[in-house]
Amino acid sequence: MSSYTKVIIFILVLIVFSVTVIYLYNSENAMNEVMPEISSYIAKGDLDYNEAVKLLNSKNYNEARNKAISAQNNFNHSMSLLLSIKNNFTSDTGDVHKNYINTVLSELGLKINATEYLLKAINCYQNYENSTGNGYAEQANSLMKNALDFQKIRVDLVKNNTKLFK
């Protein structure tokens, strides 16, 4: 092999290595950049959900529905952003990041379902179907409690891996 060929091979290897490092940096960097936005939408969804429950308890059904729909929109937006991150996982995406994304997806799935049951409960109460409404409200409460378990896991993942989550 001539020295010219060796130089070309070296340059090609260097280019491939550089592109790989840049891609990985950018994918993790992109993940770290979008996570605060996702967290913000989740927090807004949580606030709207809790406000919807308070409004429902005070029998303000229209405002409760509006807050529940707002919560649902915030949770769905977070879910959409997370799925786009998950779809861009590479084989080099760290296990902690994968676990984090999957945990948040599970949390959001439960919160979205809880919100759907809350909306069903609101409709039932508004139509004087209290027994059915109670069933939906209990289901919403149960799902939200399960979601909070995933939320705790998510918070602990960040707390235990501060170098990975900027």
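Modeller: Helices are DSSP runs of H or I with at least four residues, and strands are runs of E with at least two, both numbered from the N terminus. This is a predicted model, so local features need pLDDT of at least 70 and side-chain atom pairs pLDDT 80 or more, while totals for chains, interfaces and linings use all residues. Residues are numbered from 1 along each chain as its sequence is written, and side-chain values use heavy atoms, with hydrogens and water left out.

Colleague: How many helices and strands are there in the protein?

Modeller: Four helices and zero strands. Reading from the N terminus, the order is α-α-α-α.

Colleague: What share of the residues counts as buried?

Modeller: 33% of the 166 residues. Buried is under 20% relative accessible area, exposed is over 50%, and partly exposed is in between (1.4 Å probe, protein chains only).

Colleague: Now the packing. How do α3 and α4 cross?

Modeller: At roughly 160 degrees, with the axes coming within 7 Å. That makes α3 roughly antiparallel to α4 (the class for angles over 145; under 35 is roughly parallel, 65 to 115 roughly perpendicular, the rest oblique). Helix α3 covers residues 95-126 and helix α4 residues 130-160. Each axis is a line fitted to C-alpha atoms over the stretch in contact, and angles run from 0 to 180 degrees between N-to-C directions.

Colleague: Which residue classes make up the contact of α3 with α4?

Modeller: It has 20 nonpolar, eleven polar and four charged residues. Asp, Glu, Lys and Arg are charged; Ala, Val, Leu, Ile, Met, Phe, Trp, Tyr, Cys and Pro are nonpolar; the others, Gly among them, are polar.

Colleague: And α2 with α3, what crossing angle do the axes make?

Modeller: Roughly 160 degrees for α2 and α3, and their axes come within 9 Å. The pair is therefore roughly antiparallel. The contact of α2 with α3 divides into 19 nonpolar, nine polar and four charged residues.

Colleague: What about Lys145, buried or exposed?

Modeller: Exposed, because the relative accessible area of Lys145 is 52%. Lys145 belongs to helix α4. Along the sequence, Lys145 and Lys111 are 34 residues apart; in space, their C-alpha atoms are 9.2 Å apart.

Colleague: Where is Lys59 found?

Modeller: In the loop between α1 (3-57) and α2 (61-87). Lys59 counts as exposed, because its relative accessibility is 61%.

Colleague: Now Tyr128. Which loop is Tyr128 in?

Modeller: The loop between α3 and α4 holds Tyr128. Tyr128 is another residue other than glycine with a positive phi, near 60 degrees.

Colleague: Is Tyr128 buried or exposed?

Modeller: Exposed, with a relative accessible area of 75% for Tyr128.

Colleague: Last one, on contacts with a separation of 6 or more: what share comes from residues 24 or more positions apart?

Modeller: 74% of those contacts in the protein.

Key: Contact = heavy atoms within 4.5 Å.
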